[in-house]
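Please look through the sequence and the structure shown here.

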Amino acid sequence: MGSSRRASGGRIAVPLALASLLTGLGGCRSPVPFRGRPGPDSPVSALGAPEPYLRPSRTPPVVDQRGDLPDTPPDVYAATQAGMFGPAVRGLPGRVYVPDSGGAAVDVVDTTSYHVLRRIPVGRAPRQVVPSWDLKTLWVTSRRSLVPLDPRTGEAGRRVPVAAPSDLYFSVDGRAALLLDSRRGRIQIRDPATMRYRSTVRVPCSGLTRADFSATGDTMVVGCASGLVARVDVAGHRSTGTLRLAAGARPQDVRLSPDGTTFYVADRGRGGVWLVDAQRFRKTGFIRTGRGAHGLYPSRDAGILYVTNGGERTVSLVSFSLRRQIGRWRVPAAPDAGGVSATGRVFWLSSRAGDAVYAISTRTGHVIRKVRTGPGPRGLCVHPQPGRFSLGNTGNYR
């Protein structure tokens, strides 16, 4: 890593010259200086920068004796900036894994050539591709099963029968897989490697949608299609309360702010994003984005939250620091799932209505390439991505 040295606590010390450069760029926290004229999603090594990484840690962020966050909040996405690949994924070429929900395969798209390289048979109606906590396996969810994929070989493993999984997550310490069962309003605790069943957490609301974890990982907040968000004690395996958002609310994706103080909750019914205080578990604001607000995806430098508005052909750009919408892209088809490329230069977007995925420039909002896929593409996953570990969904890294 040249003159860079690892600081205490697993942080990366930034050279003085590079720190000065970043300051001059308006405080951008990414350690990767984009140089020259590489392609939109060229490997980070082609951008003239090293590839630092943080050693995976099973220890959550430090809190004070009262259990509160420190005075200076942590950046929960500090290890997900461009180039910060963990050792488990180093050397893997960039790919986008696209489940064909109207078929029985996962399409594998090359992020450089924008071509479908292969189709992996996984069984009927795949929904999502979810990276495992250790980043070594990609789990494909469907109506009745989980199928493991090896990203190095492209081979599918033995199917694990499960009942109606709506989403898959992993605890921050990596010791448990948490499988959302939307229909029954419960979370199954399973072994993160074998997916063997352990126990069940009952959630007092119906239609579980998406979730995210607090900065320390002790709390999980889950969206419910019935208009509530629920809070779950991860270690205690119990629900600790619910919060009603508004009449007609239909919560979807959930994502924690970089400073760990606020949960952002996409609301398909109200057409925007709710802000929920992570400690007090109360509403603190609402940002209108567009009809059918659905997916939430932080930018690579964690400055912007991309919001897919499934009821219209738009993607909203919400500033984490300003807590308001600062831009909007119009896209060719109604957006479904999304994912930010490893460099942060491309936002990948699936459209079930168009049977295609789109590569969109994060600098201009313009479509770089349209890639035809199998029927009903959804739940796409960009892999590999920077980060120490995956918390699940299609790309929630820390």
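What follows covers a sheet, a disulfide and one further cysteine in this predicted model.

The sheet comes first. Strands of a sheet pair through backbone hydrogen bonds, and the pairing can be parallel or antiparallel. Here the sheet is open and has four strands, in the order S20-S21-S22-S23, with antiparallel pairing. Strand S20, residues 293–298, and strand S23, residues 324–330, stand at the edges. Each of these two has a single partner strand, so one side of each has no neighbour in the sheet. On average, neighbouring strands of this sheet are turned by 25 degrees against each other, direction ignored.

Strand S22 spans residues 314–319, runs antiparallel to S23 and is joined to S23 by six bridges. Threonine 314, for example, has arginine 330 in S23 as its bridge partner.

Next comes the disulfide. The structure holds one, and it joins cysteine 205 to cysteine 224, with an S to S distance of 1.9 Å. Cysteine 205 sits in the loop between strand S11 (197–202) and strand S12 (208–213), whereas cysteine 224 belongs to strand S13, residues 219–224. The pair therefore ties together parts that are 19 residues apart in sequence. Both cysteine 205 and cysteine 224 are buried.

Is cysteine 381 buried or exposed? Its relative accessibility is 0%, and buried means under 20%, so cysteine 381 counts as buried.

Conventions. Residues numbered from 1 in each chain as written. Predicted model: local features only at pLDDT ≥ 70, side-chain atom pairs only at ≥ 80, totals over all residues. Heavy atoms only, no water. Pairing = 2+ DSSP bridges. Axes fitted to C-alpha atoms, helices over the stretch in contact; angles between N-to-C directions. Disulfide = S-S within 2.5 Å. Buried < 20%, exposed > 50% of the residue type's maximum accessible area, 1.4 Å probe, protein only.
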